[in-house]
Amino acid sequence: MEIDGFVASNSNWVIEGCYSDLIEFVLSEAAELVYMDLPIEACIANAKRRPWESHKYESKKAQDENLPMLIEWISQYESRNDTFSRSAHQGLLERFSGKKTVFTGNEVCT
């Protein structure tokens with residue numbers, strides 16, 4: 001798998017996002033797990049404020065047209081049972097034996 005090769009050839013790396021299935025592959029190699037356990041309302045507010053992701057969308061307008069679907073998806077975080085759900089993320093956090101950092105708001109890291 002590509003991720004195994006990447007981890008083997010890099011001493012420092014970060015995986016970000018909501019992909020618990022990817023994190024599962026490298027959990028035993030990770031030095032720290034950072035979990036942003038924000039309230040749903042904060043996640044929705046963050047989604048509304050995000051800048052244009054030109055690598056994903058042809059325009060800011062096209063991105064914004066996707067916002068209602070994204071807000072609905074975020075709203076289902078606690079009730080879903082997929083790899084992007086609270087239960088999947090909590091499971092990773094519970095199984096991880098290394099350093100754990102949990103953020104419950106939009107704190108600034110220094």
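**Figure 1. Burial and surface of the chain.** Of the chain's 110 residues, 29% are buried (under 20% relative accessible area, with a 1.4 Å probe and protein chains only). This is a predicted model: local features need pLDDT of at least 70, side-chain atom pairs count only at pLDDT 80 or more, and totals for chains, interfaces and linings use all residues. Residues are numbered from 1 along each chain as its sequence is written, and side-chain values use heavy atoms, with hydrogens and water left out. The accessible surface comes to about 7700 Å² (Shrake-Rupley method, 1.4 Å probe). Carbon and sulfur atoms hold 55% of that surface.

**Figure 2. Elements of the chain.** Six helices and two strands make up the secondary structure (DSSP runs: helices H or I of at least four residues, strands E of at least two). Their order from the N terminus is α-α-β-α-α-α-α-β. The C-alpha trace spans about 40 × 30 × 30 Å along its principal axes.

**Figure 3. D37 and its partners.** D37 sits in the loop between β1 (32-36) and α3 (40-49). Its side chain makes a polar contact of 2.7 Å with that of R86 (a pair of N or O atoms within 3.5 Å, one able to donate a hydrogen and the other to accept it). Leaving aside residues up to four places away in sequence, D37 touches R86, Q90, V102, F103 and T104 (heavy atoms within 4.5 Å).

**Figure 4. Charged side chains.** The chain carries 11 positive and 18 negative side chains (Lys and Arg against Asp and Glu; His and the chain ends are not counted). The centres of the two sets lie 6 Å apart.

Methods. Buried < 20%, exposed > 50% of the residue type's maximum accessible area, 1.4 Å probe, protein only. Charge placed at Lys NZ, Arg CZ, Asp CG, Glu CD.
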